[in-house]
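Please look through the model shown below, and keep its sequence at hand while you read.

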Amino acid sequence: MLSFVGFSQLIYAYKNKCIFDEAVCLLLSFKNADMFPNSLYLNSLMRDLLRNNKMDLFWMVNERLVEANMTRDIYTYSHMIKAYCKSGKMDEAKRVFLEMEENNYSPNLVTYNLLIGGLCRHGLVDETLKYKKSMIVKGLVPDKYTYAMIIDGLCKARFSNPDRSGLSDRSGLDPEDKAGRSSEFGRFNIDLGVGPYR
């Protein structure tokens with residue numbers, strides 16, 4: 001009979017060989033939560049399931065963790081946010097983000113970027129800008145990836161969609177107003193320290 005350590009190492013070995021079905025099947029066979037691999041092994045498995053787009057297996061693992069009442073950490077929460085974003089379930093992604101804060105886990109730059117990226121991909125630019133402001137208030141500095149995602153989201157919402165869905169009219173900018181475009185994107189260039197605005 002394999003020990004706790006033996007089970008964990010076997011799951012890890014299956015994962016490293018990309019034999020994800022076997023890894024998840026072995027994990028789900030654990031009847032006793034005390035036999036579960038530690039958070040390092042679990043987060044590594046969840047991360048690789050996401051990277052390889054094994055969404056069905058990811059949700060099976062997540063459901064088992066909920067059933068076993070496993071404690072989540074910042075990495076587990078981040079994986080869940082990424083999974084919901086990939087699945088287009090942005091309300092769930094935001095709910096997990098809030099739950100994370102309520103459980104005294106402070107979102108870091110990676111977590112914010114995951115959520116911001118998901119919101120941008122699904123055209124929710126107004127909400128994206130709110131989260132950008134939130135991260136700055138909390139002392140986090142948006143990086144080049146944050147701005148790249150926001151600019152991409154603005155481009156898609158303002159120039160690609162005739163109805164400009166996801167972007168409110170509060171800016172007062174006409175989508176055909178070149179001066180307005182320049183001003184809006186200029187603000188991001190200033191933040192990034194690029195372009196002729198420095």
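A salt bridge is a side-chain nitrogen of Lys or Arg within 4 Å of a carboxyl oxygen of Asp or Glu. The model you see is predicted, so that local features need pLDDT of at least 70 and side-chain atom pairs count only at pLDDT 80 or more, while totals for chains, interfaces and linings use all residues. Residues are numbered from 1 along each chain as its sequence is written, and side-chain values use heavy atoms, with hydrogens and water left out.

The structure holds 10 salt bridges. One of them joins D48 to R51, with 4.0 Å between the closest N and O atoms. Both residues belong to helix α3 (residues 39–51), where they are 3 residues apart, about one turn of the helix; helices here are DSSP runs of H or I with at least four residues, numbered from the N terminus, and strands are runs of E with at least two. D48 is buried, with a relative accessible area of 10%, whereas R51 is exposed at 59%; buried means under 20% relative accessible area, exposed over 50%, and partly exposed in between, using a 1.4 Å probe and protein chains only. D48 and R51 are also linked with K15 and R47 in a network of salt bridges.

Another salt bridge connects K94 and E127, whose closest N and O atoms are 2.5 Å apart. This pair links distant parts of the chain, since K94 lies in helix α6 and E127 in helix α8, 33 residues apart. K94 is buried, at 18% relative accessible area, while E127, at 22%, counts as partly exposed.

A nonpolar core is a set of buried Ala, Val, Leu, Ile, Met, Phe, Trp, Tyr and Cys residues joined through side-chain atoms within 4.5 Å. The largest such core has 23 residues, and those with the most contacts inside it are I81, A93, L115 and Y131. Helices α5, α6, α7, α8 and α9 each supply at least two of its residues, and the largest share, 6 residues, comes from α5. Leaving aside neighbours within four places in sequence, Y131 is in contact (heavy atoms within 4.5 Å) with K94, F97, Y112, L115, I116 and L119. A second, separate core of 21 residues includes M46, F58, L65 and A83.
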